[in-house]
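Student: I would like to learn how to read a two-chain model, feature by feature. Can we take it in steps?

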Amino acid sequence: MKARVHVMLKDGVLDPQGEAVRHALGALGFSGVEGVRQGKVIELDLADGTSEAEIGEMCEKLLANTVIESYRIELL
Amino acid sequence: MKAAVLVFPGSNCDRDLAVALRAAGASVSMVWHKETALPEGTDLVAVPGGFSFGDYLRCGAIAANSPVCAALKTHAERGGFVLGVCNGFQVLTETGLLPGALIRNSGLRYICRTVPLQVETAASAFTSGYDAGVRIDVPIAHHDGNYVLDADGVARLRDADRVAFTYVDNPNGSVADIAGVLSGNRRVLGMMPHPERAADPALGGMDGAPLFTGLIDALADA
């Protein structure tokens, strides 16, 4: 089985890289880009039967830093 | 005073930290990240700067989950002293021993220069060699030194006098200009600036040396 973990900076945390991308899009002439948030996608190749709770534990312990990041698990 | 300097793949300030600690009078051993125990009688664990594990995933995240960091956490929980510099500070926030997190500099650039800091408190073994309020010049060298903590967390640090150093001219976007923070028991310090790079006149400054000499004096008295 496979799972995909999406990790994003939490809403209150300013994202300097996202801001830089927003400016660059503006410089390319794309108007109306009001915000950009940049995150990570981590794909996991897992033994069959791995529970979502176990993936959640992986996120809490390593894949995300929950002080600044939120995560979402997608089972594929 | 017995110090253990941790070494991870990608550490690059480990020997500098050992030199500064030895110059201040500590006996120092280098401890590889795969070790599961610290040397007997370790008083201080020093977590050096560098790019542990290539900064993969997040700066300090992989190192924080290495075998030696389990021993580091036990040492800290027993009331042992811990100093984390630069990548070492990132490791300490990732272990949860210090609050907050360090993200990409607000200006997105890697910054390597000497900056003025203000010593915010003299009430810790690490800062006892300074007078509170003095300004010191210490090099920074980081890409991810932007300290993030929510407003309540910052207020809690301030109320408990746990901000050790602030930037005089904030170079990286850190909340409340914070450059270094102490744990609740004041025995764990994490800081982005490099005091070990300002602890020998040949390196162009001595403003970092009182951190090491003060620490060793404080531990000798303890």
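Student: How many residues of chain B are in contact with chain A?

Tutor: First, a caution: this is a predicted model. Twelve residues of chain B are in contact with eight residues of chain A. The chain B side of that contact has five nonpolar, four polar and three charged residues.

Student: How are the strands of chain A paired, parallel or antiparallel?

Tutor: The general idea comes first. Strands of a sheet pair through backbone hydrogen bonds, either parallel or antiparallel. In chain A, three strands form an open sheet with antiparallel pairing, in the order β2-β1-β3. The edge strands are β2 (40-45) and β3 (69-75) of chain A, and each pairs on one side only. Direction ignored, neighbouring strands of this sheet are turned by 20° against each other on average.

Student: How many bridges join β1 to β3 in chain A?

Tutor: Seven bridges join β1 (residues 2-9) of chain A to β3(A). A pair to look up on screen is A:Val5, which stands opposite A:Ile73 in β3(A).

Student: Which strands of chain A does helix α2 lie across?

Tutor: Helix α2 (residues 52-63) of chain A lies across β1, β2 and β3 of chain A. The helix runs at about 150° to β3(A).

Student: Now the cores. Which residues touch the most other members of the largest nonpolar core?

Tutor: Again, the general idea first. In soluble globular proteins, nonpolar side chains tend to be buried together. Here the largest nonpolar core has 75 residues. B:Ala3, B:Val5, B:Leu6, B:Leu21, B:Ala46, B:Val82 and B:Phe212 touch the most other members. A second, separate core of five residues includes A:Ile55, A:Leu63, A:Ala64 and A:Tyr71.

Student: What is B:Phe212 in contact with, leaving aside neighbours within four places in sequence?

Tutor: B:Phe212 is in contact with B:Ala20, B:Leu21, B:Ala24 and B:Ala199.

Student: Let us turn to annotations. Which residues does the UniProt annotation "active site" cover?

Tutor: According to the unreviewed UniProt entry, they are B:Cys86, B:His194 and B:Glu196. These residues are spread over 111 residues of sequence, yet they cluster in space. Their largest C-alpha distance is 10.9 Å.

Student: Where does B:Cys86 lie, and is B:Cys86 buried or exposed?

Tutor: B:Cys86 lies in the loop between β4 (81-85) and α4 (87-95) of chain B. B:Cys86 counts as buried because it has 31 C-beta neighbours inside 10 Å, and the cut-off for buried is 20 or more. Beyond four places in sequence, B:Cys86 is in contact with B:Cys13, B:Gly49, B:Ala141, B:His142, B:Met192 and B:His194.

Student: Where is B:His194, and what does B:His194 touch?

Tutor: B:His194 lies in the loop between β11 and α6 (209-221) of chain B. B:His194 is buried, since 26 other C-beta atoms lie within 10 Å. Not counting residues up to four places away in sequence, B:His194 touches B:Cys86 and B:Cys13, among others. The list also includes B:Gly49, B:Val85 and B:Ala141.

Student: Backbone angles next. What is the phi of B:Phe53?

Tutor: B:Phe53 has a positive phi of about 50°, although it is not a glycine. B:Phe53 lies in the loop between β3 (44-47) and α2 (61-64) of chain B. B:Phe53 is buried, because 21 other C-beta atoms lie within 10 Å.

Student: What is the phi of B:Arg186, and where is B:Arg186?

Tutor: Phi of B:Arg186 is near 65°, again a positive value in a residue other than glycine. B:Arg186 is in the loop between β10 (178-182) and β11 (188-191) of chain B. With 18 C-beta neighbours inside 10 Å, B:Arg186 counts as partly exposed.

Note on methods:
Residues are numbered from 1 along each chain as its sequence is written. Chains are lettered from A and ligands numbered from 1 in the order in which they are written. This is a predicted model: local features need pLDDT of at least 70, side-chain atom pairs count only at pLDDT 80 or more; totals for chains, interfaces and linings use all residues. Two residues are in contact if their C-beta atoms, placed from the backbone, lie within 7 Å. Ala, Val, Leu, Ile, Met, Phe, Trp, Tyr, Cys and Pro count as nonpolar, Asp, Glu, Lys and Arg as charged, and the others, Gly among them, as polar. Helices (H or I, at least four residues) and strands (E, at least two) are DSSP runs, numbered from the N terminus. A residue is buried if 20 or more other C-beta atoms lie within 10 Å of its own, exposed if 12 or fewer, and partly exposed in between; C-beta atoms are placed from the backbone. UniProt positions are given in the numbering used here, feature names are shortened, and annotations may be inferred rather than shown by experiment. Two strands pair if DSSP finds at least two bridges between them. Axes are lines fitted to C-alpha atoms, for helices over the stretch in contact, and angles run from 0 to 180 degrees between N-to-C directions. A nonpolar core is a set of buried Ala, Val, Leu, Ile, Met, Phe, Trp, Tyr and Cys residues joined through C-beta atoms within 7 Å.
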